Amino acid sequence: MARLALVVLLLLGLSGCAGEPAPPLRIAISPWPGYELLYLAQEQGFFTDAGMDVRIVEMASLGDARRAFERRQVDGMAVTLVEVLEARAATSRAPQVVLVTDWSDGADVLVARPPVTTLAALRGRRIGVQPGSLGTLVLARALETVGLGLSDVVPVFVDETRMADALAAGTVHAVVTYPPFSSALEGLDGAVTLFDSRSMPREIVDVVAIDAPVVAAHPGRIRALAEAFDRAVRFTREHPDVAHAVMAQREGVPPSEFAGHLRAIRFADLADQPALLAAGGSIDHTLRELDAVLRRLGRLSGATRLDDCLPATSLTVASRQ
């Protein structure tokens with residue numbers, strides 16, 4: 001009976017007026033192992049099986065995905081909570097977090113080369129960070145552990161694709177990066193990881209955020225999106241060789257390397273989504289903490305827009321019956 005009820009809900013949400021199919025749901029993603037499961041869901045036909053048309057729009061960076069959303073080129077984006085808050089501050093659009101995909105659990109790293117071999121030695125040094133990304137937050141958290149602040153270093157804006165070149169050339173003394181871009185740092189002479197996101201538990205949260213009017217108009221599609229993503233997670237666990245090969249090819253790394261990147265990521269279970277996204281829940285709390293942190297860092301200004309960051313009611317099923 002519970003499964004029948006879910007099917008009815010999906011059908012109601014996926015269909016608009018008779019003869020008027022819902023438009024494709026366009027979601028911007030950028031290179032990051034956790035987002036690749038959305039691509040996997042598309043390639044394996046999981047969205048189609050759920051009766052929905054999802055278009056994955058590939059972007060070069062998190063900032064590009066956010067800007068595509070702000071310019072109304074897409075309906076949603078796979079990003080961190082940082083980009084959700086920045087998009088709300090920069091435009092009138094209202095991205096709502098409808099799905100928690102994963103947490104970075106060591107994947108985001110601060111890597112340096114001699115003469116810098118400790119966090120304390122970063123004082124006065126040039127640090128490469130991606131413009132308009134969470135790199136500044138990771139750097140700030142790392143510096144805090146040794147009593148330093150952003151004013152004690154020289155942040156240098158470096159594109160993710162050029163981090164390894166900048167560090168190798170000595171243009172910067174350290175960089176903040178993440179997979180797949182961090183792969184290029186492996187084997188770099190003298191490179192040492194000084195800090196990673198394991199020291200920021202559940203702070204770097206990856207989510208799918210959809211524009212509020214789209215969420216309100218098609219709640220059934222959000223449920224189907226969550227189901228399809230969860231199916232991709234289960235497929236990856238049950239058929240790792242196949243899944244890793246598909247996703248690694250798109251990121252341009254060997255499957256074994258991609259598998260290693262996934263070990264530094266923790267995926268959110270479908271059954272946990274309602275509690276995660278509830279008012280006063282984990283994501284609500286993290287959003288408010290991040291908003292305060294980003295304002296202290298000068299990354300956000302103006303009116304706070306947090307009240308409708310989460311849908312008014314749960315759009316994901318509590319469990320598979």
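R202 lies over the face of W103, 3.8 Å from the ring centre. This is a predicted model. It holds 20 salt bridges and five aromatic pairs. Its largest nonpolar core has 95 residues.

**Charges over rings**

- R202 sits over the W103 ring face, at 3.8 Å from the centre.
- R93 does likewise with F69: the distance to the ring centre is 4.2 Å.

**Aromatic pairs and cluster**

- F46 and F235 pair edge-to-face. Their ring centres are 5.9 Å apart, and the planes stand at 70°.
- F46 belongs to helix 3 (residues 46–49) and F235 to helix 9, so this pair ties together parts 189 residues apart in sequence.
- Both F46 and F235 are buried.
- One aromatic cluster is made up of W32, Y35, Y178 and F181.

**Salt bridges around E86**

- E86 bridges to R66, with the closest N and O atoms 3.4 Å apart. E86 is in helix 5 (residues 81–90) and R66 in helix 4 (residues 62–70), 20 residues apart.
- E86 and R66 are both buried.
- E86 also forms a salt bridge with R299, where the closest N and O atoms are 2.4 Å apart. R299 lies in the segment after helix 13 (282–296) and E86 in helix 5, so the bridge ties together parts 213 residues apart in sequence.
- Why does E86 count as buried? Its relative accessible area is 8%, and buried means under 20%.
- R299 has a relative accessible area of 21%, so it is classed as partly exposed.
- Shared partners join R66, E70, E86 and R299 into one salt-bridge network.

**The E58–R250 salt bridge**

- The side chains of E58 and R250 meet at 2.6 Å, N to O.
- This bridge links distant parts of the chain. E58 is in strand 2 (residues 54–58), R250 is in helix 10 (residues 240–251), and 192 residues separate them.
- E58 is partly exposed, at 48% relative accessible area.
- R250 is partly exposed too, at 22% relative accessibility.

**Nonpolar cores**

- Which residues touch the most other members of the 95-residue core? They are I27, L38, V100, L110, L122, I210 and I283.
- Helix 9 (residues 219–238) gives the most to this core, contributing nine residues.
- I283 touches L81, V97, V100, V205, L276, L277 and L310, leaving aside residues up to four places away in sequence.
- Another core, of 12 residues, lies apart from the largest one. Its members include V109, A164, V172 and L188.

**Strand 1 and its partners**

- Strand 1 (residues 25–29) is largely enclosed by the rest of the structure, because four of its five residues are buried.
- Strand 1 pairs with strand 2 in the parallel sense, over five bridges. L25 has V54 of strand 2 as its bridge partner.
- Strand 1 also pairs in the parallel sense with strand 3 (residues 76–80), over two bridges. Here the bridge partner of I27 is G76.

Terms used:
Residues are numbered from 1 along each chain as its sequence is written. This is a predicted model: local features need pLDDT of at least 70, side-chain atom pairs count only at pLDDT 80 or more; totals for chains, interfaces and linings use all residues. Side-chain values use heavy atoms; hydrogens and water are left out. A salt bridge is a side-chain nitrogen of Lys or Arg within 4 Å of a carboxyl oxygen of Asp or Glu. Buried means under 20% relative accessible area, exposed over 50%, partly exposed in between (1.4 Å probe, protein chains only). A nonpolar core is a set of buried Ala, Val, Leu, Ile, Met, Phe, Trp, Tyr and Cys residues joined through side-chain atoms within 4.5 Å. Contact means heavy atoms within 4.5 Å. Two strands pair if DSSP finds at least two bridges between them. Rings of Phe, Tyr and Trp (its six-membered ring) pair if their centres lie within 6.5 Å; planes under 30 degrees apart count as stacked, over 60 as edge-to-face and the rest as tilted. A charge sits over a ring if NZ of Lys or CZ of Arg is within 6 Å of the ring centre and within 35 degrees of the ring normal.
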